[in-house]
Amino acid sequence: MTRFAKNVSTVLTLALVCLFPVHSLASQPALVAPPDDTLSLWVMDNGIGSQRALGRIVKRFQRETKIPVSIRFLNWGEAFAEISKALNSADSAAANGNGPDVLQLGSTWVPFFASSGAIEPLDAYLEQVGATRFFKESFKAARLPRDSLVYSFPWFVDVRALYANEKMWKKLALKKVEVDSYSEFIGVLRAFAKNAAGSSDGAAKVAPFALPGKGDWTGPQHMAPFIWSFGGDFITKTSAGYRSALLDSTTLKGLAYYLRIFADREISPYGLDENSVQETERFIGGGQLVLYGTSEIIRQMEIASKDGGLKDSPIAEDGITIVEPLAGHSGIVSFVGGSHLVLPKAHRPAAERLLCYLLRADNMDAYTRQVGFLPADESIVNIWDKDARYSRIIGTMKTGKSFPNIPEWVAIEGILIEFSNALGDLFREGSSREAVEDQTVELFWDVHQKINKSLGYADTLDKSGIVSHIKGLLFASVEEVTPESMTVPVEDEGGSIWVFILVVAIAAVAAIAGMALSVLIRKK
């Protein structure tokens, strides 16, 4: 393994060790080389029912081909390190015959392993697989920049959307035009929080929203729509190579909206203290109005609690509705990720048959319907589009964007995960607003430099000349548009009903005094 690969492996392992923390502590069985004629399939545990669904597909494959297959399920928190060890070390598991023959990779991992020469180009199977059926954005990660070869095929898509508690959301009676933009979304959250605080039915316990800020691993996915919808990005390509775009004006404008929600204890009361799993649990329990999450929650609501599902949960009773994607100054851009299937270099000859079988339209449809993630096949998605529960998510998917398909991204993503948690520490523990703003600017500058270092880019920015630029844009006033239908209690709008009464009284006294003075002047 190269020094760069070792550093990336360490960074990403540390970043992902928080992922599914209970599962990540589970010990993996010792690797045992399967018989020479047995294919080894390595995949992640992709949620409730994923193991059972994949087992059924593999059994059919074995029945039809007479080729035996063993399946190894990895935990996401350990997967990158396990795969790196198997594919890239000098005495690799693959070389010893006990590594994977077919392997699932997160979409952003494909360029890293492709650049290291650990996975096989798949151009010979383009026609057999029917590569034209895949979503263009999902297929982007299958190639490296300036390289025409295809190294993977998309399996399923992770598209993020805003899910609202349907029972609560319907009570708000919002029209689509009243929550189209980030400014309007913040206005809705603010009005909901104020009205809940003034209620006497316990609604004040319901959090409007949350952006995770402690011990989380999804910071980049949460930041991305804000940044992209305002025309910014994490990195950008120049004639001298890729560079950090974190301090670009458009990026900072998008992150100003992100921070407005992230650090606001009224509209995101628990975000700074929690990770995305805890926020999802609150939403499932009926304690949060809106969740930013993945489509698997829809499928989980159909599965009984005894089987690990959410069928008996408060959110299943209240229902879920999809909030339309939000627009920034540059339109609507949502986050799209997912997983791909690849062939390691040291695979058995029959591995391509299993790869093509798993990617067959009927098998992809069967697997994704059980798991709840969207299939990467556009023709299958068009069928899913007829289901009202998925149609809005699919619309989001069609206007989505994925992270850059460069080998360095795995290291950058680790930096950004640490960045989002560090922001949480600052806003949670800051002593004063001025101190927090100064420390935030320092953090942005440090992360900007780390990204450029990972990219090998020689930065020419002068820190002293850009500090005011960062602070001015990042902490600029953010517009909040409250829907006319969501009335806010008078005491909240004016600070207090008693302040309002006092102001009126003072104005009345001033008016009377003015009239008396006028009469005296005329008499004189």
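How many nonpolar, polar and charged residues are in the lining of the largest cavity? The lining has 15 nonpolar, four polar and two charged residues (nonpolar: Ala, Val, Leu, Ile, Met, Phe, Trp, Tyr, Cys and Pro; charged: Asp, Glu, Lys and Arg; polar: the others, Gly among them).

This is a predicted model, where local features need pLDDT of at least 70, side-chain atom pairs count only at pLDDT 80 or more, and totals for chains, interfaces and linings use all residues. Residues are numbered from 1 along each chain as its sequence is written, and side-chain values use heavy atoms, with hydrogens and water left out.

There are two cavities of 30 Å³ or more. A cavity here is a set of points, on a 1 Å grid over the protein atoms alone, where a 1.4 Å probe fits but cannot get out, and lining residues have an atom within 4 Å of a point. Volume is the space filled by probe spheres set on the points, which are joined across faces, edges and corners.

| Cavity | Volume |
|---|---|
| Largest cavity | about 210 Å³ |
| Second largest cavity | about 110 Å³ |

For the largest cavity, 21 residues make up the lining, and Leu162, Tyr182, Pro225, Tyr292 and Leu326 lie nearest its centre. Helix 10 gives the most to this lining, four residues (helices are DSSP runs of H or I, at least four residues, strands are runs of E, at least two, and both are numbered from the N terminus).

The second largest cavity is lined by 17 residues, with Ser107, Glu137, Ser138, Ala141 and Ser402 the closest to its centre. Here strand 10 gives the most, with five residues, and the lining divides into six nonpolar, nine polar and two charged.

Key. 1 Å grid on protein atoms, 1.4 Å probe; cavity = no way out; pocket = protein on both sides within 12 Å on 5 of 7 lines; lining within 4 Å.
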